[in-house]
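Read the following with the sequence and the model open side by side. The text starts with aromatic rings, then turns to a surface patch and to one helix.

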Amino acid sequence: MSDTIRIITDSACDIPVKTKLKNTEILNFYLTVDGKGYEERADFTNKEYYKILENCESIPTTAHITMMRFGEKFEAMAHRGVKEIIVVTINKGGSATYDAAVMAKNMFDEEHRGSGVRITVIDSACYSMGYGYPIIQADKMIESGSTADSVIAYLEETFKHTEILLTTFSLRFMKKSGRISARAAFAGEVLGLKPIILMDHGDTRVVQKVRGDKMVIPNLIKQYKQRTSDINNYIIAYTDEEYGKELYSACVKEFGVAPIMSFELGAAVSTNAGNHCLAIVYAGKK
């Protein structure tokens, strides 16, 4: 265990609130829904947020973690004697959080020359437990005595291969958020098409359109099997518990192995994907 190494991340990592992290601090995103402000992980549970999504009139907005908040955290950690600060953020293509962390690091370095504090900012190029799960492992590495360089190398190597397959049973939020064009969403609703979306190293694209709800999970699993060399190591996520249970059972039946973990998607992803979606997180083919 080292008291001189700490990780900072943002709440879009979706690490379950009950998870014990001894060396990691999570900065929560702030959201606005129909004019009312919320703090993720503090003002609502995931299930409560899904109900908020069900009833909201406008698409919620999320404010990125600011340079000031990162700077305050750097100062506090340095004051406690932390010498290695590792910042891991949500995909920089989907949030200004990474850029804010870099600016805060540069300002800290300028104001504290010779302090001996090293700040490393890593863009996960991913969302949710795509970087949340590696952070849990990195936290354990620090606890067991790994060096900062080892932790950084592990995180950077893991993020090179992390992928997420996401699907939704309702196009309402993807249409409103611009993730899918209004025209494509309308056609999908009329024809009963559901998109399977690949989140791959910062890129997001539709890889398949499935007709009918019953075909969504089988094709999600099919896409997963095509994109990994290790089908036994996977994580599943959901915003609809019943669909989550169905995906869990289908995966166990198909692979003979339960997922590493099953969790609820947080506000950052569900705001854009909606409250009726599923995902599989895994390592893509190297």
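Ring pairs link Tyr-224, Tyr-234, Phe-255 and Tyr-282 into a cluster. The model is predicted: local features need pLDDT of at least 70, side-chain atom pairs count only at pLDDT 80 or more, and totals for chains, interfaces and linings use all residues. Residues are numbered from 1 along each chain as its sequence is written, and side-chain values use heavy atoms, with hydrogens and water left out.

A pair of aromatic rings is described by the distance of the centres and the angle of the planes. Here, rings of Phe, Tyr and Trp (its six-membered ring) pair if their centres lie within 6.5 Å; planes under 30 degrees apart count as stacked, over 60 as edge-to-face and the rest as tilted. The structure holds 8 aromatic pairs. In one of them, the ring centres of Tyr-224 and Tyr-282 are 5.1 Å apart and the planes stand at 75 degrees, so the pair is edge-to-face. Tyr-224 belongs to helix H8 (residues 216-227) and Tyr-282 to strand S13 (residues 277-283), so this pair ties together parts that are 58 residues apart in sequence. Helices (H or I, at least four residues) and strands (E, at least two) are DSSP runs, numbered from the N terminus.

Tyr-224 has 0% relative accessibility and counts as buried; so does Tyr-282, at 4%. Buried means under 20% relative accessible area, exposed over 50%, and partly exposed in between (1.4 Å probe, protein chains only).

Tyr-234 and Phe-255 also pair edge-to-face, with 5.2 Å centre to centre and 70 degrees between the planes. Tyr-234 lies in strand S11 (residues 234-238) and Phe-255 in helix H9 (residues 241-255), so the parts tied together are 21 residues apart in sequence. Tyr-234 is buried at 1% relative accessible area, and Phe-255 is buried at 10%.

Met-67 is found in helix H2 (residues 67-79).

Helix H4 (residues 129-143) has 15 residues, which should span 21 Å at 1.5 Å a residue; its end C-alpha atoms are 20 Å apart, which agrees. The expected span is 1.5 Å times one less than the number of residues. H4 is mostly covered, with 12 of its 15 residues buried. Among them are Met-129, Tyr-131, Pro-134, Gln-137, Asp-139 and Ile-142. After H4 comes Gly-145, whose phi is positive, near 105 degrees.
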